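Work through the exercises below with the model in view. Each task is followed by a solution in steps.

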Amino acid sequence: MAVTIDDVRHVAALARLGLSDERAAALVQEMNTILAHMDALSAVDTAGVDAVAGVGAGGLPVRSDKGPPIPLARGLDAFAPSTRDGFLLVPRLSTHDTAEDA
Amino acid sequence: MTAPDVESLQRDWEMVVGLEVHVQLKTRTKAFCACSTEYGAPPNTNVCPVCLALPGALPVLNAQAVVLATRAALALGCTVHPQSVFARKNYFYPDLPKGYQISQFDRPLATGGKVEIGRHENGSPICVGVTRVHMEEDAGKSVHDRYPGATAIDLNRAGVPLIEIVSEPDMRSAREAGAYLRVLKQILEYMRVSDVSMEEGSLRVDANVSARRRGETKLGTKTEVKNMNSFSGVERALEMEYVRQVGVLVQGGRVEQQTMLWDGAAGQVRPSRTKEGSHDYRYFPEPDLPPLLLEQEWIDRVCKELPELPAARRARFASEYSLGEYDVEVLTADPQLADYYESVARASNDPKASANWVMGEVQAQLKASGQDIAAFRVRPHDLAELLNLVRDGVVSHTAAKQIFSRMVATGDTPAQIAEREGLVQVNDDSQLAGWLDEVVAEMPKEAERFRNGERKLQGVLVGAVMKKSKGRADPRRLNQLLAERFGT
Amino acid sequence: MSTSSISDLRAHTHTGTVGVHDTVAGALERVKAVKAGRDGLNIFVSLDEKHLRTHADACGPLLSHAEPSSLLGVPVAIKDNIATLHHPTTCGSRILEGYRSPYEATVVRRLREAGAVPFGKTNMDEFAMGSSTEHSAYGPTRNPLAPDRVPGGSSGGSAAAVAAGIVPAALGSETGGSVRQPAAFCGIVGVKPTYGRVSRFGLVAFASSLDQVGVFGATVDDAARTMHVIAGRDPLDSTSADLPVPEYHRASERSIRGLVVGRPKEYFPESLDPRIRARCDASFEKLRENGAEIRDVSLPHTELAIPVYYIVAPAEASSNLARFDGVRYGLRVQGDGLRGMYEATRSGGFGAEVTRRIMIGTYVLSAGYYDAYYRKAQQVRTLITGDFAKVFASGVDVLFTPTTPTPAFPIGAISDPYEMYLSDIFTATANLAGVPAMSQPIGRVDGLPIGGQFIAPHFGEDTMFSFAYALERALGAEAWS
């Protein structure tokens with residue numbers, strides 16, 4: 001299951017990481033080396049074994065439907081890179097740009 | 001293209017539709033934090049560390065969201081599972097603060113439901129399967145046209161609880177799709193789980209549609225149609241997309257699997273720029289939330305305590321109140337109207353008069369004022385009291401209408417108004433006789449002709465008394481007095 | 001070392017023998033004396049002296065209580081991935097440079113409420129990804145006992161703050177050994193509690209199903225007292241357990257006589273440094289002398305822990321780190337449109353190791369690879385958890401192992417990522433299984449500290465601490481030689 005430069009480009013795009021050509025090439029090597037060590041798992045017989053899905057066998061605790069919310073000691077303006085009239089601003093998307101375009 | 005085109009195409013080409021409906025649950029606070037779900041607050045004021053996805057913040061599930069989701073799932077005939085698992089759906093978008101949406105994937109809350117949307121001509125039910133109902137959270141809002149060169153993000157809606165209701169591809173026409181949506185909306189309204197308003201975005205519909213030659217059993221390649229903002233928009237979009245697909249197929253072409261966007265203003269569907277296959281949401285179980293465990297006993301109790309479903313209520317209205325089919329349809333269309341009617345009918349003990357009033361005066365008032373029945377000033381017991389005043393002859397039917405409009409304006413009780421405005425019916429014999437004496441004196445010829453058997457003149461005489469009494473004379477007693485006096 | 005223990009500080013502060021001001025001033029002097037600053041050991045990412053001096057009075061009202069609060073007047077250093085209101089919370093990353101959290105972590109609130117003084121934010125491997133505290137955007141931290149060597153990681157700054165005698169206790173975080181390994185390298189005590197024992201609310205997530213806040217103490221008692229304060233159910237963390245929290249320092253009073261210590265053979269491979277093996281054997285001997293029974297046991301899936309860990313942790317991390325997108329907080333680098341902004345921000349803000357793990361994590365979750373990697377790893381994780389369950393069900397009370405295969409290595413000595421990962425080989429299993437574990441000094445090799453590790457069943461911290469107290473007493477000065 002060797003990782004190719006196309007895989008690296010695809011994964012970097014999914015993860016919104018901008019990679020230089022040099023870094024992308026290096027990552028092909030690094031990922032293949034690391035993933036080679038992971039191949040030890042393929043030899044393990046896991047037929048009928050449940051995958052760990054969420055720790056905590058007691059189930060999910062729930063809260064009652066009421067406030068107050070956890071307060072913010074400082075407002076959005078104190079930490080957001082760009083705000084206006086209470087909105088957060090980001091570079092413009094056209095109306096129907098979807099997750100894949102963004 | 002127009003509807004007749006669709007009809008003729010459907011002789012040879014079958015339309016296959018499945019719908020994915022997102023519904024906002026009516027909770028006070030968000031799904032995973034205690035922020036208010038209030039609609040229309042100033043931007044980014046209903047936010048906290050959790051729904052802003054600040055580093056280190058964690059989700060905690062709202063119990064009421066589970067109750068509402070379970071209620072909806074049961075009402076749609078689904079099996080609610082004792083164990084379901086939240087999962088992360090990973091994608092980047094500026095109104096998705098965490099970079100993933102908490103949803104459910106391979107272990108949803110509920111599966112395997114069914115909804116009856118109408119009857120075939122032979123009387124057999126038309127049903128649509130409900131594949132699954134799962135819980136998830138809403139994203140924020142992106143405003144694209146407010147500032148030049150920038151998209152503005154408001155996260156007030158981020159984290160509001162949703163359910164997604166996925167249907168089987170069981171619908172065969174746009175009309176069936178519309179019927180399914182209307183039935184679904186009514187059921188959810190009856191379950192009091194959501195405002196189900198497409199205009200306010202508390203109900204959103206995506207459609208999967210494909211076409212195949214009649215007789216073919218395999219499904220054709222489907223496209224996903226998005227961006228509809230009304231039920232009729234969904235119907236029109238489905239027809240347009242169906243016509244487009246058949247156009248491709250007729251020419252021997254192949255339908256490309258893609259996302260289409262409905263442009264309501266232009267009445268057209270057009271391909272979205274999204275490349276198919278670029279979806280890779282990397283779902284995995286949400287490690288911040290252990291599996292949701294629901295005891296079967298709890299599920300059974302929610303099921304037992306479900307509000308009455310629309311179909312059951314229609315049947316009950318027909319039998320309990322002896323109402324006709326049309327009256328039942330009108331009175332049960334909206335659960336709050338049905339509640340209102342039922343309160344009036346019970347308090348007045350006169351289901352027929354209650355139906356007439358609610359469908360007549362009440363609905364006319366609501367329509368004229370654009371008001372919601374919940375905010376309507378005339379409460380059911382006051383209307384029932386008015387009906388009783390009419391029944392007991394305390395006020396005339398004409399006076400009752402006057403009183404009703406005063407009730408709408410002031411919120412006072414009918415007795416108060418009748419008293420104040422002098423609309424209480426007079427059935428005191430001496431008072432009535434006095435008026436009658438005056439009328440006989442003023443109209444001797446007519447009185448004489450009536451005495452001699454010209455019965456049609458009864459109306460003239462009664463009318464004259466009514467006028468003298470300013471409408472307060474009790475017509476029933478007056479007629480009796482007239483008969484006694486003239487021996488007719 | 002010049003710190004007073006927590007129990008002394010607490011008593012002296014309460015009787016007025018020591019003022020909180022003096023304690024804070026003393027710790028600040030120690031910072032200077034050991035050259036803890038940027039050009040020295042580089043222990044702190046942020047330390048606001050002025051603020052600390054002004055706010056030393058904050059626990060004043062607690063002084064009048066009849067019973068002194070459990071951490072009255074105790075300065076506690078905080079790892080920089082735990083949200084604090086005053087000091088920035090950067091996670092050792094450029095992407096959060098200068099970011100001040102508008103809310104506070106539950107563990108920090110509990111420390112303050114117990115009378116402790118949160119004392120600065122400590123350096124760490126970026127987003128806790130690393131085993132040496134070399135991978136910080138703010139430069140490497142040095143080991144106070146051997147400044148040319150690493151303090152271990154990722155909680156290296158917190159470990160160094162305790163080892164340098166600045167504070168008696170510090171908070172760290174664990175995902176695969178990030179408290180125990182630096183505790184071993186720095187010759188102090190480090191505890192990773194049971195998953196769910198301590199709230200994660202306000203701990204910046206690396207791998208949510210593995211992360212736990214842990215504590216460092218100069219002694220077992222310092223660690224036990226601090227753990228007692230931060231442990232317990234938090235309604236803001238859905239994975240926190242609703243179980244009573246014992247007073248862990250009372251474990252010192254309990255004997256280990258008749259209890260069983262397991263010696264898992266997989267943690268003592270042929271290749272283990274014989275000097276480390278010898279220190280462990282000496283510890284087993286002490287435990288035996290104290291009446292414990294030593295029993296050979298096996299945890300057969302141990303060797304799979306590193307492959308499992310390095311799939312599960314990066315997978316969760318790739319998702320947890322998606323929120324660092326330049327939209328709501330932290331670094332924003334302009335690029336071509338929104339997409340360009342995302343990519344410029346994230347590649348500019350994350351260091352090489354974080355980038356590598358996001359890449360691996362995204363890959364193992366992506367379409368076509370999920371079953372082979374992520375699902376498979378979670379299945380093997382179930383087997384690893386089962387190993388522990390079987391051993392503990394067989395009557396074993398705790399396990400004892402070396403904490404690390406080597407002592408602290410020189411700064412810059414390990415450049416191969418996978419070799420670095422192997423540093424977690426004896427510690428990652430406890431995170432995968434969710435069981436509690438701790439490291440304490442059991443002697444030295446070439447003058448460098450060696451850590452011994454106790455591993456206990458879920459929520460068995462109490463028993464674990466009894467063993468740790470007993471071993472600490474039995475070893476005495478041997479722990480330092």
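Two strands count as paired if DSSP finds at least two bridges between them. The model used here is predicted.

**Exercise 1.** Give the order of the strands in the four-stranded open sheet, and find which strands stand at the edges.

Solution. 
- Step 1. The open sheet runs in the order E2(A)-E3(A)-E10(B)-E9(B), with antiparallel pairing.
- Step 2. Strand E2 (83-84) of chain A and strand E9 (141-147) of chain B each have a single partner strand, so they stand at the edges and one side of each has no neighbour in the sheet.

**Exercise 2.** Find how many bridges join E3 of chain A to E10 of chain B, and name the bridge partner of Val90(A).

Solution. 
- Step 3. Val90(A) has Thr151(B), in E10(B), as its bridge partner.

**Exercise 3.** Describe the side of chain A that touches chain C.

Solution. 
- Step 1. On chain A, 43 residues are in contact with 52 residues of chain C.
- Step 2. Helix H1 (5-14), helix H2 (21-38), helix H3 (76-79) and E3 of chain A each give two or more residues to this side.
- Step 3. H2(A) supplies the largest share, seven residues.
- Step 4. By residue class, this side of chain A has 32 nonpolar, five polar and six charged residues.

**Exercise 4.** State the confidence values for chain C and for the model.

Solution. 
- Step 1. Chain C has a mean pLDDT of 95, and 99% of its residues reach 70 or more.
- Step 2. The model has an ipTM of 0.97 and a pTM of 0.92.

Key
Residues numbered from 1 in each chain as written. Chains lettered and ligands numbered in written order. Predicted model: local features only at pLDDT ≥ 70, side-chain atom pairs only at ≥ 80, totals over all residues. pLDDT = per-residue confidence, 0-100. Contact = placed C-beta atoms within 7 Å. Nonpolar A, V, L, I, M, F, W, Y, C, P; charged D, E, K, R; others polar.
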